[in-house]
Amino acid sequence: MANKQLIKRCQKICGKKNVLYRSIDLLLYEYDASMERGRPDVIVVPENAEQIQEIVRLASGLGVPVIARGSATNLCGGTVAFSGGIIIECSRMNNILEINIEDQVAVVEPGIYNLDLQNELAKHGYAFAPDPASQKVSTLAGNAAMNAGGPHCLKYGVTVNHVLGLEMVLPNGDLLNIGGRVPATPGYDLTGIMNGSEGTFGIMTKLYLKIIPIPESLKTMLVSFTDIEQAAAAVSAIIAHGIIPSTLEYMDNLCIRTVVKSLNVDYPVDAAAVLIIEVDGPAFSLDAQVRDIEAICIENGATEIRGAKDENERDTLWAGRRGALGAMTRLKPSIVVFDGTVPRNKLPEALKKIDEISKKYDLQYGTLLHAGDGNIHPIIVYDERDKEETERVNTGCREIMKLCVDLGGTITGEHGIGLEKIPAMNYLFSSEDMIAMKKLKTVFDPENICNPGKIFP
Amino acid sequence: MDTTFTKLIDKLKTRHIYLDKETLSRYTTGPVRPYAVIEPESPQVMSELIRECFSNKTVTNIWGSGSHQNFGGLIQPYDITLSTRYLNGIIDYEPDNLTVTVQSGISLENIQSRVITDNLFLPINPPNSATATIGGLLAANMFGSFIHSYGTFRDFVLGGSAILADGQQIKFGGKTVKNVAGYDMAKLFTGSMGTIGLLTELTFKLSPVPEKILSLHVRAENHANLEPVVDKIKHTSLPVLSSVLSLEFKEGAALHPALSIVFQVRANEVKNVELEINKSFAQDVSVIEYDFEFYSKKSKEYDAFFDVEESGVLCEWIAPKSQIFGIMSFLQKESEVKNRHIKILSYPAQGIIYCKFTADEKSDLPATAAQLAAWRQNTKFTGGFLNIKRCPDRLKEHFDVWDMDKDQLKWHKKIKNEFDPIGVFTGGRFVGGL
């Protein structure tokens, strides 16, 4: 169908003001937070599930791809319109439909920002545990589609552990309700399968979320090391001791210096690495945990331990960590945020080898870790206009992904495969493994219209 | 015996093939007796066997320890039983990483006894499960009172391997807690009741054993008096491990309502937690301190509830948490109106109630089915589900044990059809008779 007709049909469904098609619109929706690019044919911003159903039926009838998109904080090209098509942008569907404290459930629309939900829940003394670093702007459906993590998932789990049910528009236009307000439902775990499916099975239009009471108290500390391997060893030692902090984050020296310069936070610029460690729970329980953690860190070479005395100091400690990625983007025009995971006890080896790979390819990088989970984020800064440097970055990334797999880990802990990591799927899975996974795609989207070209080679 | 099977058995290179009556009787499920029981020594042999079954259109039944063979609906006829008896090893155990990879035929008890030596445990406590295989428990999505603090299998299975209906061996997930590469097949297999593949290996996230357990029992005159206590459990910051409410309804009277609340604490927190318990829950309650190992054995006292006699019916209500006490009141009324003795075990802070009663097999089954249908309809209004965990087989002819709407069922059938188009893995017990 000629574009004009497609646009007209979309306008008929969603209303003229909710359909974007000018060159500038298409340009703005050509990219997400990754380096991937793909121009859509049209963008729709529906107001409700019924409009999404009609758009999907239209697309299905025409064989036109549909790509769900929240805030496009996606770091792997998952929301890029690789094969053109209709981007369904869910930002208008951003309501909190219900907060039910007695059931400990929140029901939300797909476009609600994670932090907006957190702020609303906080008024009731509750929280939604997954807190990705992008939470200021990332949407709940985007979090669920990518099975997002965040600093607190060490103790509380990732998004799939907190999504109880979904309402979804499937690629044939059906509206399907799965799961609900309860912790277990009969049959195949469709809610579990949909989480992390990167928008390839359908479009979420409602989410039923498990909410938890905000812990009574928490204590945050910043621990400095002069040796990155010692910092990594301290991480393993804390967990091996039976302590599960609510967060256990790592930043290396380049990240430290960058956030100090950009955000004016008081981090130790001479430290090789810092750990940001937080424990939460009943107030009486925290001092003993903090003492144990301090002892373990000192045993593993910590040179300084700073505890946040109040909420302001805590916010300051976290501001550096949460702003690290944004700060790093100021170093060079382009950025790749790598997302491998290794078993925790392989962290020292992984960090050492990543450093070797980076030296080999002359890459400038800083490292953030969700250290408690072994989830590594080397942030490589470069200039994509420099083709030679770009090639070195790409080669280096492939070697880092291979390294993570060789160490018993995975190529992506929380960002997803999208487009960016498709070539690396072969490091992890055989073709038979992927054929099995694609059976699910065949079930839900036999015409392959939902976010096609993603995840699998 | 059918020549198809003779040829199949001749072709297999495995020692553990049983054709004798005694063994076949032991591996009978409901009215269905297999023609052969085969216990492959390795996943490779199992894969070859299933490939042969696929080629010959032989229908199989997967057998772990057999503890949950009668679970779910009526099993459909099958030809041979595939036992995971010899797939029972620990493949990889990394206590520093809190992960263990095991073969699916290992018992939960054997896993626990291995990892406890490093003060770790697999945080699942389904009833009557000590000898059950981990593959069977995961395939049936069994859980116990630890659901309060640790969730269910889906919350700590990281990955594994399976054999599909055509004999293809596949790997899924990994060994790290955070892993979003590809689709989450571990979630697909959890609760799939052997309908789409035979699990051969599973990797789990372990948890540190609680240093101390504090147990508190609250008794009341009726279940309604316990509701405020359960509310506190739901919203407290204290480290609750589990909460279990038990009572009986007989002719409308509530008998022995009791709430057991268990806390998991660090050794140096015991006194503080005791103080907080007294402050939060009641004055001068008796709090008993245990070591975890002792508590784990003690908590099996609830297992007896899940033993159901032949004519017994065991229902599982899963409902929004706010509805739980309303459901109990409803059951109290039912016990009066229908003159039933109903026993209840509930994880109230998680919205789960188990209730059991006896159906008079000879005359009462259609009436029981109608009653269960009414109960299920009632559950719909609350946004919950009512499944039947155990009941006489004859009742299953009158009533679908699974609570699933037809919209969802449509997609379940498609999944089953995609993964097992010719029905190599026998059906009948899963939702929609799949």
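1. Helix H8 (residues 228-240) of chain A packs against helix H10 (residues 283-299) of chain A at an angle of about 140°, with the two axes 9 Å apart. Axes here are lines fitted to C-alpha atoms, for helices over the stretch in contact, and angles run from 0 to 180 degrees between N-to-C directions. That angle makes H8(A) oblique to H10(A), given that angles under 35 degrees count as roughly parallel, over 145 as roughly antiparallel, 65 to 115 as roughly perpendicular and the rest as oblique. The crossing of H8(A) and H10(A) is right-handed, a crossing being left-handed if the near helix is turned anticlockwise from the far one by less than a right angle, and right-handed if clockwise. The contact is made by A:Ala234, A:Ala237 and A:Ile238 on H8(A) and by A:Ile293, A:Ile296 and A:Cys297 on H10(A), where residues are in contact if their C-beta atoms, placed from the backbone, lie within 7 Å. By class, the residues of the contact of H8(A) with H10(A) are six nonpolar, no polar and no charged; Ala, Val, Leu, Ile, Met, Phe, Trp, Tyr, Cys and Pro count as nonpolar, Asp, Glu, Lys and Arg as charged, and the others, Gly among them, as polar.

2. A note on the basis of these remarks: this is a predicted model, in which local features need pLDDT of at least 70 and side-chain atom pairs count only at pLDDT 80 or more, while totals for chains, interfaces and linings use all residues. Residues are numbered from 1 along each chain as its sequence is written, and chains are lettered from A and ligands numbered from 1 in the order in which they are written. Helices (H or I, at least four residues) and strands (E, at least two) are DSSP runs, numbered from the N terminus.

3. Chain A is divided into domain 1 (3-89), domain 2 (96-213) and domain 3 (217-416), with bounds that come from an automatic or database domain assignment. The centres of domain 1 and domain 3 of chain A, taken over C-alpha atoms, are separated by 36 Å, and four residues of domain 1 of chain A are in contact with six residues of domain 3 of chain A. On the domain 1 side, that contact has three nonpolar, one polar and no charged residues.

4. Chain A has an open sheet of five strands in the order S5-S6-S10-S8-S9, with antiparallel pairing; two strands pair if DSSP finds at least two bridges between them. Strand S5 (96-100) and S9 of chain A stand at the edges with a single partner strand each, so one side of each is left without a neighbour in the sheet. On average, and with direction ignored, neighbouring strands of this sheet are turned by 10° against each other. Strand S8 (residues 163-169) of chain A is joined to S9(A) by five bridges, the two running antiparallel, and A:Glu167 stands opposite A:Asn177 in S9(A). Helix H3 (residues 49-62) of chain A packs on the sheet, touching S8, S9 and strand S10 (203-210) of chain A, and its direction makes about 50° with that of S8(A). Helix H4 (residues 114-122) of chain A also packs on the sheet, touching S5 and strand S6 (105-108) of chain A, with its direction at about 35° to that of S5(A).

5. The contact between the chains takes 70 residues from chain A and 67 residues from chain B. On the chain A side, H16(A) gives the most, with eight residues, and the residues of that side divide into 32 nonpolar, 27 polar and eleven charged.

6. The axes of H16(A) and helix H14 (residues 406-419) of chain B come within 9 Å and cross at roughly 135°. That makes H16(A) oblique to H14(B), and H16(A) passes H14(B) in a right-handed crossing. The contact is made by A:Lys439, A:Thr442 and A:Val443 of H16(A) and by B:Lys414, B:Ile415, B:Glu418 and B:Phe419 of H14(B), a set that divides into three nonpolar, one polar and three charged residues.

7. For chain B, the domain assignment gives domain 1 (3-85 + 420-433), domain 2 (90-208) and domain 3 (212-396). The centres of domain 1 and domain 2 of chain B, taken over C-alpha atoms, are separated by 22 Å, and 23 residues of domain 1 of chain B are in contact with 22 residues of domain 2 of chain B. Helix H3 (residues 43-56) of chain B gives the most to the domain 1 side of this contact, with seven residues.

Note on methods: Contact = placed C-beta atoms within 7 Å.
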